[in-house]
Amino acid sequence: MTTQERQDHWQTVFRTKGERDVSWFQERPDVSMELIRATGAGHAASIIDIGGGASRLVDALINEGFEHVTVLDISEAALATARARLGERASGVQWIVADVTKWQPTQAWDVWHDRAAFHFLTGAQDQAAYAGRVRRAVRPGGNVIIGTCAPDGPERCSVLPVVRHDAASIGAVLGPAFTLVDGRRHDHRTPGNAIQRFQFSRFLRAAE
């Protein structure tokens with residue numbers, strides 16, 4: 001799938017569906033927040049949410065006192081929804097519209113978070129490009145948190161095919177500079193009351 005095809009798909013999704021009309025909606029991103037807290041990152045740490053879209057993680061991070069939050073998504077419509085929800089607080093967030101596989105990071109972050117973006121990268125070339133951005137965007141000693149459909153989770157999401165992962169398969173893509181420090185299963189209950197099985201993995205980047 002090309003960048004334009006990805007962008008067109010997600011723009012349509014977020015322009016035509018409400019928050020609770022999509023299966024991945026979470027009122028409270030509890031697992032993500034637990035894993036971010038587990039990094040030991042202080043409120044001055046820099047955190048980037050990849051594929052954050054209209055997710056409420058940014059709200060939770062601001063509410064907890066984190067001061068340097070970035071949200072990256074390919075869909076401007078998704079980010080507009082989040083900005084509108086936050087109101088005046090949106091001005092304290094860095095918003096980036098980009099395809100993560102083509103994006104050129106201009107700084108290093110302490111924590112990289114991705115819930116349900118990486119698993120849409122079904123080709124080895126896109127996965128390698130993603131890993132390259134992780135290496136460029138996460139400082140030595142930083143943390144990478146990635147949530148994907150689990151090996152027994154959904155095979156498709158938003159009509160698109162996904163690659164189901166466990167911690168080992170994600171680690172193989174990221175490379176030897178990243179060490180798994182936490183892995184957990186999560187049963188996500190959709191707004192339609194179905195259960196989707198997810199895998200969350202946290203990796204530590206080697207200090208230089």
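Predicted model: local features only at pLDDT ≥ 70, side-chain atom pairs only at ≥ 80, totals over all residues.

1. Strand β9 is mostly covered, since eight of its eleven residues are buried.

2. On the subject of F200, A167 deserves a look, for these two residues are 33 apart in sequence and yet 7.6 Å apart in space, taken from C-alpha to C-alpha. A167 is found in helix α6, and its relative accessible area of 13% lies under the 20% limit, so A167 counts as buried. If its neighbours within four places in sequence are left aside, A167 is in contact with L180, Q199, S201 and F203. The helix as a whole, α6 (residues 167-174), lies across β5, β8 and β9, and runs at about 40° to β9.

3. The other partner of β9 to consider is β8, which runs antiparallel to β9 and is joined to it by eleven bridges. Within this pairing, R189 has I195 in β9 as its bridge partner. The hairpin that β8 and β9 make has five residues between the strands, and there N193 takes a positive phi near 75°.

4. In which order do the strands of the open sheet follow one another? There are seven of them, arranged as β3-β2-β1-β4-β5-β9-β8, with mixed pairing. Strands β3 and β8 (178-189) stand at the edges with a single partner strand each, so one side of each is left without a neighbour in the sheet. On average, neighbouring strands of this sheet are turned by 15° against each other, when direction is ignored. As an example of the parallel sense, β4 (residues 109-115) and β5 run parallel and are joined by six bridges, and D114 stands opposite I146 in β5.

5. For I36, the contacts beyond four places in sequence are A41, I47, L57, L61, F66, V111, H113 and I145.

6. Helix α5 (residues 124-137) can be checked against its expected length: its 14 residues reach 20 Å from the first C-alpha to the last, close to the 20 Å expected at 1.5 Å a residue. The buried residues in α5 are D126, Q127, A129, Y130, A131, G132, R133, V134 and A137.

7. Finally, some figures for the protein as a whole, which has six helices and nine strands. A compact globule of 208 residues would have a radius of gyration near 17 Å, and the 16 Å of this protein agrees with that. Its C-alpha atoms fill a box of roughly 45 × 40 × 30 Å along the principal axes, and 54% of the 208 residues count as buried. Among contacts between residues at least 6 apart in sequence, 70% join residues at least 24 apart.

Note on methods
Residues numbered from 1 in each chain as written. Heavy atoms only, no water. Helix = DSSP H or I, 4+ residues; strand = E, 2+ residues; numbered from the N terminus. Expected span 1.5 Å × (residues − 1). Buried < 20%, exposed > 50% of the residue type's maximum accessible area, 1.4 Å probe, protein only. Contact = heavy atoms within 4.5 Å. Pairing = 2+ DSSP bridges. Axes fitted to C-alpha atoms, helices over the stretch in contact; angles between N-to-C directions. Rg over C-alpha atoms; globule rule 2.2 N^0.38 Å.
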